[in-house]
Amino acid sequence: MKIDRISLEKESDSKLSQEHICQQNEMPDQLRIFHVDEYGGRPQQHYELFTVWVSTIEDVQSGDAKEIGEVLNLSSIKVHYCPFCGGHLNA
Ligand SMILES: [Zn+2]
């Protein structure tokens, strides 16, 4: 399940703009690459690869989440190049 940009901004305390949509490779739904404009209210000028795990019906049934679409885990790292196509991400 794919998280929307607004939810990701809220969860990551960031302001995001340009998303790198990879044409050459299939990116799994939990991986997204966004330009970060702001983090914690401070201006930023870089791209990050976000890994976002969102709860599914199985997680709700097993009691690991209250509802579908809850963010279970979120992490990110700064990237200068797309790890899938190798394209330079111009900040
Ligand atoms: Zn790419």
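User: Among contacts in the chain between residues at least 6 apart in sequence, how many join residues at least 24 apart?

Analyst: The share is 44%. Keep in mind that this is a predicted model.

User: Ok. What helices and strands does the chain have?

Analyst: There are 2 helices and 4 strands. Going along the sequence, they come in the pattern α-β-β-β-α-β.

User: In what order do the strands sit in the sheet?

Analyst: The order is β1-β2-β3-β4, in an open sheet with antiparallel pairing. β1 (14-19) and β4 are the edge strands, each pairing on one side only. From one strand to the next, the twist averages 40°.

User: How many bridges join β2 to β3?

Analyst: β2 and β3 run antiparallel and are joined by 8 bridges. Within that pairing, F34 stands opposite E48 in β3.

User: And β3 with β4, how many bridges there?

Analyst: Strand β3 (residues 42-54) pairs with β4 over 8 bridges, also in the antiparallel sense. Here V52 stands opposite L74 in β4.

User: Is β4 buried or in the open?

Analyst: Largely in the open. Strand β4 covers residues 71-79, and of its 9 residues the number buried is 0, so the strand counts as lying largely in the open. A residue needs 20 or more other C-beta atoms within 10 Å of its own to be called buried.

User: How much of the chain is buried, then?

Analyst: Buried residues are 14% of the 91 residues.

User: Which residues make up the largest nonpolar core?

Analyst: It has 10 residues: I3, L8, L16, I33, F34, V36, Y47, F50, V52 and V54. Two or more of them come from each of β2 (31-39) and β3. β3 gives the most, with 4 residues.

User: New topic. Where does helix α1 lie?

Analyst: Helix α1 (residues 5-12) lies across β1, β2, β3 and β4. The helix runs at about 140° to β1.

User: Last one. What box do the C-alpha atoms fill?

Analyst: Roughly 40 × 35 × 15 Å, taken along the principal axes.

How values were computed:
Residues numbered from 1 in each chain as written. Predicted model: local features only at pLDDT ≥ 70, side-chain atom pairs only at ≥ 80, totals over all residues. Buried ≥ 20, exposed ≤ 12 C-beta atoms within 10 Å, placed from the backbone. Pairing = 2+ DSSP bridges. Core = buried A, V, L, I, M, F, W, Y, C linked by C-beta atoms within 7 Å. Axes fitted to C-alpha atoms, helices over the stretch in contact; angles between N-to-C directions. Contact = placed C-beta atoms within 7 Å.
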